[in-house]
Amino acid sequence: MPVRATARMVVLGMLLAIGSSGAATADSLSVNRPNPAPPPVSAEFPDATLVRVDQVNSTTLRLDGIITPGVEQRFTDALRSVPTGQPVVVELSSPGGFTTAGYRMIDLVLAERRAGRPVATRVVGGQSCESMCVGLYLAGYPRYAAPTAEFMVHAPRLAENGRMTLRSTDQMVKRLVALGAAPAWIERVRAAGGFSGSLDYRDRADHLTAVGANIVTHLIR
């Protein structure tokens, strides 16, 4: 099982303090050491890049980097500007980001799908989708990934004080399940300590598929 703890701070990795409404009490900061001092939001954490590629029958939105309010607005504008009904593929490579921004992006993708637009998500070989990115990835369907693509989840931390709370972790886990993550896989992560705050739980797409996690729905070669 490719599960490992790292000694570094994971840049603004977030999945926290949000219920189904998408409202947040605070943004979160993901770390794997106790009681960190969260860094201020600044130019040190630049917006992810967002590239739009229009093809004959679909549009690809490629997001690469940190999920921030700035990229949320550009993502919203880009997705809404795609002609009605045209399929969209959201390609992701991200260490995570701000909770409030990420959850609004998730809600937007879900709303587009309810309105009838096909929105798939994809992580290509050698890329990773971490923390808040996993929630955004789960919002799409189908969910494509190369076998070597890596996914990471962990316990969230509040940006205001760097602390993990059982309540915010429980809310995050429930949201992952609501987005499609298999409850049995969630329990596997929990048993390994992945929601304890002491480590980041990482797994490759091919193994996630093999164990029935329902994170990746289609492996791409």
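Me: How many bridges join β2 to β3, and do they run parallel or antiparallel?
Reply: In this predicted model, 6 bridges join strand β2 (residues 59-64) to strand β3 (residues 88-93), and the two run parallel. Strands here are DSSP runs of E of at least two residues, helices are runs of H or I of at least four, and both are numbered from the N terminus.

Me: Which residue is the bridge partner of L61 in β3?
Reply: The bridge partner of L61 is V90.

Me: What is the strand order in the open sheet of 6 strands?
Reply: The order is β1-β2-β3-β4-β6-β9, with mixed pairing; two strands pair if DSSP finds at least two bridges between them. The edge strands, each pairing on one side only, are β1 (49-54) and β9 (218-219).

Me: Changing topic, at what angle do α4 and α5 cross?
Reply: The axes of α4 (residues 166-178) and α5 (residues 183-191) cross at roughly 145° and come within 10 Å. Axes are lines fitted to C-alpha atoms, for helices over the stretch in contact (heavy atoms within 4.5 Å), and angles run from 0 to 180 degrees between N-to-C directions.

Me: Which residues meet there?
Reply: V173, L176 and V177 in α4 meet P183, I186 and R190 in α5.

Me: And the open sheet of 3 strands, what is its order?
Reply: That order is β5-β7-β8, again with mixed pairing. Strand β7 (residues 150-153) runs antiparallel to β8, joined by 4 bridges, and E150 stands opposite R204 in β8.

Me: Which numbering and pLDDT limits apply?
Reply: Residues are numbered from 1 along each chain as its sequence is written, and side-chain values use heavy atoms, leaving out hydrogens and water. Local features need pLDDT of at least 70 and side-chain atom pairs count only at pLDDT 80 or more, while totals for chains, interfaces and linings use all residues.
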